[in-house]
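Let's take a friendly walk through this model. Have the sequence and the 3D view open side by side as you read.

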Amino acid sequence: MNPSSQINDIPLTATDCFILALEKHDGYTGTSGNTCRYYMELEGQLNSNDFKTALKDNIASQQLASFSIHGGGLFSVPSWKSNIHQPIEVNVHQDDYFLPSVILNKKISSAKPNLFSFDIINRSNGKSALIFSWNHLIMDGYGAVLYLKQLNGPGSENAFVSGESTVKFDFLSLRKAAKAKSFLSVSSQTPTCGISPGTNYSEVNQKIKIVRFTKQETEQIDLNAPKLGAKFGRSPFYLSCSARAVKETMLKRKSPVSNFWIPVPQNQRKKGASGPLLGNHLSFLFYRLNTETLESLAKTVRSVNEQMINQVRKGIPQGYDILMNYLKRIPSSLYYKLIKGPQGGSLSGFLFTLAEDHPIELLKFQNLNVLDALSFPPNTYPPGLTFAYMRFEGRLQLMILYYSEVLSENEVNLLETQIKYELINGKELGK
């Protein structure tokens with residue numbers, strides 16, 4: 001569908017409704033809720049007036065700016081409706097700090113438009129940073145990259161909404177959903193553990209640690225992954241190193257360690273898809289890692305890889321997508337009670353995601369060279385620790401999102417040291 005046409009009453013996707021339910025989880029001062037961010041460091045100063053004009057002239061930007069959520073309830077799916085246009089917020093800052101707290105702590109609500117905004121940080125060295133912030137409900141990370149590419153134009157317009165058929169509520173789909181639900185119940189059964197402290201703080205403070213790898217280190221990591229058993233992509237290797245580092249942190253605290261349970265989002269679009277922009281098109285894989293497996297890096301990688309293959313063969317991501325389509329018709333408050341996870345207040349041991357590589361189409365933005373790019377997912381508290389991996393120009397980057405109430409600065413430094421060593425060397429730190 002062309003975004004220039006009037007778009008109204010677009011039902012939320014199954015994943016949208018899942019994320020909407022998760023908003024019930026965010027009752028803590030200091031978090032930014034479902035707010036995501038895409039950060040680009042630019043070689044030169046971005047002219048704010050020219051950028052505002054680009055937003056005004058961009059059809060997709062104007063359509064997105066008018067959306068708000070309406071309806072929802074028992075047997076009724078909430079939908080996007082286009083309301084009176086709201087000006088797109090563009091804030092300009094003079095600051096040399098990487099990500100000022102006014103941006104880091106920004107919480108974009110899903111209750112009313114706009115569900116996204118921009119911040120421009122002008123540096124004293126003549127460079128600028130552009131930060132695109134959006135509520136996760138309006139798009140996922142893949143959609144955000146598609147939108148930024150289109151905003152950067154010229155080029156072909158991306159599909160705005162999904163043309164995929166809805167799930168049929170028949171016996172076959174019910175059986176697939178039941179199979180996914182049964183798998184999930186076994187996968188998440190207690191005992192499980194996580195990094196979140198026993199005490200839930202009413203107020204928390206967000207922190208970010210960026211770990212950068214050189215091109216040579218990235219190439220070595222790519223060689224290590226299949227040697228250790230990651231046969232179908234690098235994600236199992238990244239997750240394994242992250243999980244082992246969390247385990248060591250908990251052992252140093254003398255915290256009990258049993259099993260980590262980690263849901264990992266999966267993009268459901270076809271590879272290289274040019275749309276849709278609007279909505280979340282994700283399912284999940286679920287990993288359970290026990291203490292014995294985590295003793296060895298090779299064992300952990302093989303376990304994650306085998307669990308991934310097993311779930312794909314059994315159709316768990318597809319079945320879970322169908323399950324979410326069934327559940328999207330119930331009120332968000334009830335939905336949240338069903339998805340709180342095996343640990344009550346905490347949704348998982350920690351959170352993990354593999355973001356899209358920064359595309360070559362965005363190596364220039366508004367005629368300025370892009371020197372760096374980072375994609376930040378929401379950091380849900382609890383658990384309050386998220387690992388996000390992505391690549392920029394062939395170099396791996398890791399974003400560790402955490403709260404100072406969950407991890408001390410020293411613990412984060414130790415996490416970084418262990419993860420870097422094991423990724424680059426392909427063996428356990430200290431052995």
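A polar contact here is a pair of N or O atoms within 3.5 Å; within protein, one must be able to donate a hydrogen and the other to accept it. Keep in mind as we go that this is a predicted model.

With that in hand, go to Ser66, in the loop between α3 (59–65) and β3 (67–70). Its side chain makes a polar contact with the side chain of Ser82, at 2.7 Å. The side chain of Ser66 also reaches the backbone oxygen of Gln63, at 2.8 Å. Is Ser66 buried or exposed? With a relative accessibility of 4%, Ser66 counts as buried, because buried means under 20%. Beyond its neighbours within four places in sequence, Ser66 is in contact with Lys81, Ser82, Asn83 and Pro113.

Next, look for the open sheet. Six strands build it, in the order β5-β6-β7-β2-β13-β12, with mixed pairing. At the edges stand β5 (90–94) and β12 (364–365); each has a single partner strand, so one side of each is left without a neighbour in the sheet. Within the sheet, β6 (residues 116–122) and β7 (residues 128–135) pair in the antiparallel sense over seven bridges. Helix α5 (residues 141–152) packs on this sheet and touches β2 (35–43), β6, β7 and β12. The direction of α5 makes about 130° with that of β7.

Our last stop is Lys247, in helix α8 (residues 235–253). Lys247 counts as buried, at 3% relative accessibility. Not counting residues up to four places away in sequence, Lys247 touches Val257, Phe260, Thr291, Leu294 and Glu295. Glu411 is 164 residues from Lys247 in sequence, yet their C-alpha atoms are 12 Å apart in space.

How values were computed: Residues are numbered from 1 along each chain as its sequence is written. This is a predicted model: local features need pLDDT of at least 70, side-chain atom pairs count only at pLDDT 80 or more; totals for chains, interfaces and linings use all residues. Side-chain values use heavy atoms; hydrogens and water are left out. Helices (H or I, at least four residues) and strands (E, at least two) are DSSP runs, numbered from the N terminus. Buried means under 20% relative accessible area, exposed over 50%, partly exposed in between (1.4 Å probe, protein chains only). Contact means heavy atoms within 4.5 Å. Two strands pair if DSSP finds at least two bridges between them. Axes are lines fitted to C-alpha atoms, for helices over the stretch in contact, and angles run from 0 to 180 degrees between N-to-C directions.
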